[in-house]
Amino acid sequence: MASPSSLCLLAALLALVSWQTIASDPSPLQDFCVADEHSPVLVNGFACLDPKHVNADHFFKAAMLDTPRKTNKVGSNVTLINVMQIPGLNTLGISIARIDYAPLGQNPPHTHPRATEILTVLEGTLYVGFVTSNPNNTLFSKVLKKGDVFVFPVGLIHFQFNPNPHQPAVAIAALSSQNPGAITIANAVFGSKPPISDEVLAKAFQVEKGTIDWLQAQFWENNHY
């Protein structure tokens, strides 16, 4: 007969395995579950629209992803197509984005809490990378040319930068969630509402409070549209 400590260890292992199986978007249990954005039912994601009311337009968007976008002051524009734009993506665990980069523009350090990202360069050159979690904080980086592909693991801080001072760049990214989310590090830390205490941030970054106050006074613009 197994000892109590062995049973506790087995239960802990089973809990970990069970958590891993539900750590990403849930798998569909039918052909599709088009999001019913007007349903009063609160679920993780969206309730399903009655299949009798589903048509091809629920799986379509004239997104014009072949059209260049205007970039913001950090020099990028992320055009995300997720379940909010295509309700047919509900429960399918995928979304797509076009990313435009101005010369010397960047998609600044950020994370996707619910998705792994795979990116390919359509035009130009990009310097990209991600940083592993504590305690190592190892940087994995690469210079990508047209046609190259790079993967950013789920939840890790990553970035893209166009090193060309004369030419823009364009990339397409696929993400493993119908709603991957994005947390831009600078925006979250220095642009939160209400602001994080400058004493907390000054201690964390080992700088004077005046430096934190200046950073918090900046306009932290979103580059996701």
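## The disulfide

A disulfide is here a pair of cysteine sulfur atoms within 2.5 Å, and in this predicted model the structure holds 1 such link. The bond joins C33 to C48, with an S to S distance of 1.9 Å, which therefore falls within the 2.5 Å cut-off. The torsion about the S-S bond is -105°, and the link of C33 and C48 is accordingly described as left-handed.

Both cysteines are found in the loop between α1 (4–21) and β1, so the pair ties together parts of the chain that are 15 residues apart in sequence.

## Exposure of the two cysteines

The two ends of the link can also be described by their accessibility. C33 has a relative accessible area of 4% and is buried, because the term applies under 20%. C48, with a relative accessibility of 41%, counts as partly exposed, since that class lies between the 20% limit for buried residues and the 50% limit above which a residue is exposed.

## The sheet

The model also contains an open sheet of 5 strands, paired in antiparallel fashion and arranged in the order β1-β2-β9-β4-β7. Its edges are formed by β1 (76–81) and β7 (149–152), each of which pairs on one side only. Ignoring direction, neighbouring strands of this sheet are turned by 20° against each other on average.

Within this arrangement, strand β4 (residues 117–123) and strand β9 (residues 169–175) run antiparallel and are joined by 6 bridges.

Definitions and conventions:
Residues numbered from 1 in each chain as written. Predicted model: local features only at pLDDT ≥ 70, side-chain atom pairs only at ≥ 80, totals over all residues. Heavy atoms only, no water. Pairing = 2+ DSSP bridges. Helix = DSSP H or I, 4+ residues; strand = E, 2+ residues; numbered from the N terminus. Axes fitted to C-alpha atoms, helices over the stretch in contact; angles between N-to-C directions. Buried < 20%, exposed > 50% of the residue type's maximum accessible area, 1.4 Å probe, protein only.
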